[in-house]
Structures are given as C-alpha cells and as structure tokens.
Amino acid sequence: QVQLVESGGGSVQPGGSLRLSCAASGSIFSIDAMDWYRQAPGKQRESVATISSGGSAVYPDSVKGRFTISRDNAKNTVYLQMNSLKAEDTAVYYCHAWIQDTRTRWSAYWGQGTQVTVSS
C-alpha cells in the first residue's frame, strides 16, 4: 500500500509564506505527475499546481507567480512554496500523485490534507 503524508500547513498573516511537503511511501515502483489541490469551505476542490515527472510545472492564474511546486524524486516528495499569501488562499491543501504501485498498475493517491489559514 502507498501513503502520502503532508506537512507544513498552519496559520499566517496576509503577505506571508508557507511551505508544504508531501512524502510518498510504501510499495512504489514509479511516480508520474504530482499535484497540489485545495478545497475551501463550500467550494469545489481545485488544482493549484502540477509537476510532471520531468519537472515541468503548471499553475492556474490565481496562484501563478506566488506558488512554486517542486519535487525530489529521490525522496518521493513534492513541495509547494506559497508566497504573498492572501485570505482567499485559506483552504485545506491536498497532495495527489499517480503512482505505479505494482508492476502493471497505476493508481491515484491522495494525502490526508493540511489546513492553511491566512488571516490578520
């Protein structure tokens, strides 16, 4: 079985920064794309960053220039550096990854979520 474990959430004032981490462990043959999503109360879950296995990153306009996704393939870990945080960034943040967990199967895995609160 595979687990994604997130860390790094918390409370910060507007304009502040936080760095989220998500480490994958367990029966892992390979990892393809890794993503960060967020879900605010009463809203749908939305993607905030995606990084390919080769390191190419994609962001929505709402976070472009403020958030940076990166990964350490040797550690099976993905990071999200969040700068210039705004109140509207408040949400539960989830990591997601496509993982080859057997020789013939790829599966989607989610982390448990970590709360990010931006408030003065």
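Over the face of which residue does R45 lie, and at what distance from the ring centre? In this predicted model, in which local features need pLDDT of at least 70, side-chain atom pairs count only at pLDDT 80 or more, and totals for chains, interfaces and linings use all residues, R45 lies over the face of Y94, at 3.8 Å from the ring centre. Residues are numbered from 1 along each chain as its sequence is written, and side-chain values use heavy atoms, with hydrogens and water left out. The charged end of R45 also sits over the ring of W110, 4.7 Å from its centre. A charge is taken to sit over a ring if NZ of Lys or CZ of Arg is within 6 Å of the ring centre and within 35 degrees of the ring normal.

Y94 belongs to a strand pairing as well: Y94 in strand 9 is the bridge partner of Y37. Strands are DSSP runs (E, at least two residues), numbered from the N terminus, and two strands pair if DSSP finds at least two bridges between them. Strand 4 and strand 9 run antiparallel and are joined by eight bridges. Strand 4 also pairs with strand 5 in the antiparallel sense, over five bridges, and M34 stands opposite I51 of strand 5. These two strands form a hairpin with six residues between them, and G42 in the turn has a positive phi of about 75°.

An open sheet of four strands, with antiparallel pairing, has the order 1-3-8-7. Strand 1 (2-7) and strand 7 (67-72) each have a single partner strand and stand at the edges, so one side of each is left without a neighbour in the sheet. Neighbouring strands of this sheet are turned by 15° against each other on average, direction ignored (axes are lines fitted to C-alpha atoms). Six bridges pair strand 1 with strand 3 (residues 18-26) in the antiparallel sense, and S7 stands opposite S21 in strand 3.

The largest nonpolar core has 30 residues, and W36, L80, M82 and Y93 have the most contacts inside it. Such a core is a set of buried Ala, Val, Leu, Ile, Met, Phe, Trp, Tyr and Cys residues joined through side-chain atoms within 4.5 Å, where buried means under 20% relative accessible area (1.4 Å probe, protein chains only). Strands that each supply at least two residues of this core include strand 5 (46-51), strand 8 (77-82) and strand 11 (114-118). Strand 9 gives the most, with five residues. Leaving aside neighbours within four places in sequence, L80 is in contact (heavy atoms within 4.5 Å) with residues including L20, W36, V48, I69 and Y93.

Note on methods:
Axes are lines fitted to C-alpha atoms, for helices over the stretch in contact, and angles run from 0 to 180 degrees between N-to-C directions. Buried means under 20% relative accessible area, exposed over 50%, partly exposed in between (1.4 Å probe, protein chains only).
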